[in-house]
Structure formats: structure tokens, C-alpha cells
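Let's take a walk through this protein, with the cross-links as a way in. Have the sequence and the coordinates open as you read.

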Amino acid sequence: MTFNEGVRGDPSRVRTSGGRRGMAIGGGLGGGGLLLVLVVMLLTGQNPVGLLGGGDGTGQDAAPGLDLRNCQTGADANARTECRMVLTADALDVYWDGAMAEQAGGSYVMPGFTIFTDAVDTGCGAATSAVGPFYCPADSSVYLDIGFFDQLETQLGAQNAPLAQMYIVAHEWGHHTQHLLGTMSSADTRDTGPTGDAVRLELQADCFAGMFIGAAATTVDPDTGETFLQEPTADQVRTALDAAAAVGDDRIQQSAGREVEPHTWTHGSAEQRTRWFTTGYGEGTLQACDTFAVGTP
């Protein structure tokens, strides 16, 4: 998916953090740590961020982060991944500000968004890159090490493409929307399996991601009056669907050399995740994304 070159981004919208040495678990990004942490999550049903422990919850780290000062335009976003994150955050803010008001009658509050390297302290505890992208409701923030996008391709088998990256970020923003709506606090995330609350919560975030991507080409940058993004091609949408399938519980268990155990699922199967993304993309409404209203999501 391509940003229109003239749209403007706000580099100050995104925080950066350099990480703290010595915290990596399971080999970190280069040694299969992501799969290890995901398997622990599947087997225990626990939030892997909380399992890591440590940290003071301030989000302040010793080392400097990425320099985003040159992430000013859509052209910058098309050229560099970190700039794509800045413009994606801006587009998500504008989209959800409108959608929350129009469809839920509520106010949108922007989440924090931190791009980090190696490790980071959050309101939910300390986390390393091995956890992958995540949302912390305790500080209403999204955290991402952009090295995950390479991991998405090398370990999980999806293409590291711009729209796949945007899907990952939009999914985490979907959790923030759930937090604002009260859905996250009312769900029992210990309820695992294909029809459990944990899976329903993740599938709804996929659906919300689909809503955003389906509307991104009509979401207008208030600074320029130009839409943030060009209409995605079928091939571009396919990269987002492939990313959604790649992080399905069944695919992750298979990639780790384990038997598929549906009763441990916390995020949904590849089929469930792509189906709900497609629902959001096609329907574009919060009502259509009510994964808690159906018998089998």
C-alpha cells in the first residue's frame, strides 16, 4: 500500500527507545526467540510481556532510539520503514477518531506508540524484541521493534511488505480501540481455545485492522486535504492476509515443530484470522466486527 507523497507526518507522534542490554530471552530476534515466546503463550494462555517481569514501567531506557526527524511526508514513508510507522500512526489516529464518533458515539484518545530496539520497559512490565509487537492497556500504548518485520518473513513465512507491516500495527491499534470501548476489560483472556474470549479478542483486533485498511484510501490527512493512502491492489491486500495467516496459532505451533493443539489457542487459527480481517475490510463497521456475538468465531 502506497502513501500519497504529499501527505504530512508528525515525527513527534512516535516515541523511540534504544533498549537495555542483557534482557533478551530465547535467543532474541536471531535465534528463534519469537517462536519460543509465542509457544509459551499458546501453552499457558498468559501474556508474554507479564511473564518477562522486571522494569520500572516508565518506558525510559538508557540507549537512544531511531531518529525520526526526517519522517515528514508520504514520500518518506514509502522509502523507510520507520517513517512508514509514523505516517501509519497518523492515519490510524484520524481514522479511529472518526469511526469512534460516528459508530460508537464515543471519543477517541490516541494511544502511545513506541518503536524500540532490543528491549523496553512498559506499564505492563519489561519486554524484549522476542515478544513481538504488543499493546499494553496499563499505559494505553503500542510497542514495536521493527526488526519483527524481518522475523515475519524469515521465521513465520509471510512477506515483509508495506501493507503487511501496516496490518501488524493496525491490529495493535485495534486492541487500543477495544480498550476504549471496554471490550478488553470485560473479556476473560484465560479462556483459551478457538471459541474462547482470548481468541475472540484477537480476531476482533484483526477485524478492526481490516476496517482501517479498507478505509485508508479514503481517510483524509487534515493538514493537506489529501487522502493518506492510495487504493491497495489485490496483491498488496494479499500480503496483509498472508501476515494474518502467518501469526495464526496453528501456523505458529507447526512452525515450532509442535502438534496443533486448538485448546491452547489464544489468537485464533490462520483461517479465523484471515476471515475476520476480510470481514472488517469488506464491511467496515464495528458491528460487523462483534466476534463476541457469534457462536463460533
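Which cysteine forms a disulfide with Cys-207? The partner is Cys-289, with the two sulfur atoms 2.0 Å apart. A disulfide here is a pair of cysteine sulfur atoms within 2.5 Å. Before going further, a word on the ground rules: this is a predicted model, where local features need pLDDT of at least 70 and side-chain atom pairs count only at pLDDT 80 or more, while totals for chains, interfaces and linings use all residues. Residues are numbered from 1 along each chain as its sequence is written, and side-chain values use heavy atoms, with hydrogens and water left out.

Back to that bond. The link of Cys-207 and Cys-289 is left-handed, with -75° about the S-S bond. Cys-207 sits in helix H8 (residues 197-215) and Cys-289 in the segment after helix H11 (270-283), so the pair ties together parts that are 82 residues apart in sequence. For the element names, helices (H or I, at least four residues) and strands (E, at least two) are DSSP runs, numbered from the N terminus. Cys-207 is buried, at a relative accessible area of 0%, and Cys-289 counts as buried at 0% too. Buried means under 20% relative accessible area, exposed means over 50%, and partly exposed is in between (1.4 Å probe, protein chains only).

The whole structure holds three disulfides. One of them joins Cys-71 to Cys-83, S to S 2.1 Å, and with -70° about the S-S bond this link is left-handed. Cys-71 is in the loop between helix H2 (48-52) and helix H3 (74-79), and Cys-83 is in helix H4 (residues 81-104), so this bond ties together parts that are 12 residues apart in sequence. Both Cys-71 and Cys-83 are buried.

Then there is Cys-124 with Cys-136, again a disulfide, S to S 2.1 Å. This link is right-handed, with 100° about the S-S bond. Cys-124 lies in the loop between strand S3 (119-122) and strand S4 (125-128) and Cys-136 in strand S5 (residues 134-136), so parts 12 residues apart in sequence are tied together. Cys-124 is partly exposed, with a relative accessible area of 23%, whereas Cys-136 is buried at 0%. Number the bonded cysteines of the protein in sequence order and the pairing reads 1-2, 3-4, 5-6.

Neighbours within four places in sequence aside, Tyr-167 is in contact (heavy atoms within 4.5 Å) with residues including Asp-206, Ala-209, Ile-213, Arg-273 and Phe-277. As for helix H6, 16 of its 20 residues are buried. Just after H6, Gly-182 takes a positive phi of about 85°.

The side chains of Arg-273 and Asp-206 meet in a salt bridge, 2.7 Å from N to O. A salt bridge needs a side-chain nitrogen of Lys or Arg within 4 Å of a carboxyl oxygen of Asp or Glu. The pair links distant parts of the chain, with Arg-273 in helix H11 and Asp-206 in helix H8, 67 residues apart. Both Arg-273 and Asp-206 are buried.

How many salt bridges does a search of the whole structure find? The search finds seven. Another one of them pairs Asp-235 with Arg-238, the closest N and O atoms being 2.4 Å apart. Both lie in helix H9, three residues apart, about one turn of the helix. Asp-235 counts as exposed at 52% relative accessibility, while Arg-238 is partly exposed at 41%.
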